[in-house]
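The sequence and structure follow.

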Amino acid sequence: MVPISTWDYKVEDASVRHMGPMSQDLYDAFELNGNNETISTIDPGGLCFASIQGLYQIIGEKDSEIALVKHENEQIKRRLAAIESRLVLVGQRKDL
C-alpha cells in the first residue's frame, strides 16, 4: 500500500494543503515515470482505474463467498427445523 500524505508547497501559503502519495513511495511500488522524483500527470488516472478493477474483483469474490454462506445457512435452517419437529414428536409420546 502506498502511503498518502498531506503537504504544502514552500511557494504557497501554509494554509494551502495538498494530498497524495510521495513520488518516492509511488516509484517504489510501481516503478512508474522512470524516476522517483516526480509523479507524471497521467499516472494517477491509470492507478485509479487499476485500483477500481482490483476492488471490483474483490467485491465479486466476496459476493461469491456471501452466496455460499447464505446457501449453507439455508441448509442448516432446514436441518434444524427437521430436528425441532422430531423433538416435538418425541415430546408428545406418552410412553417415554
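A residue is called buried under 20% relative accessible area, exposed over 50%, and partly exposed in between (1.4 Å probe, protein chains only). Gly54 therefore counts as partly exposed, at 29% relative accessibility. Gly54 belongs to helix H2, and its C-alpha atom is separated by 37 Å from that of Val11, 43 residues apart along the chain.

The model is predicted: local features need pLDDT of at least 70, side-chain atom pairs count only at pLDDT 80 or more, and totals for chains, interfaces and linings use all residues. Residues are numbered from 1 along each chain as its sequence is written, and side-chain values use heavy atoms, without hydrogens and water.

On a 1 Å grid over the protein atoms alone, a cavity is a set of points where a 1.4 Å probe fits but cannot get out; a pocket is an open set with protein on both sides within 12 Å along at least five of seven lines, and lining residues have an atom within 4 Å of a point.

| Space | Volume |
|---|---|
| Largest pocket | about 240 Å³ |
| Largest cavity | about 40 Å³ |

The lining of the largest pocket includes Met1, Phe30 and Cys48. Helix H1 (23-30) and helix H2 (43-92) each give two or more residues to this lining, and H2 gives the most, with five.

The whole structure holds one cavity of 30 Å³ or more. Among the residues lining the largest cavity are Ser23, Tyr27 and Asp43. H1 provides the largest share of that lining, three residues.

Technical notes:
Points joined across faces, edges and corners; volume = space filled by probe spheres on them. Helix = DSSP H or I, 4+ residues; strand = E, 2+ residues; numbered from the N terminus.
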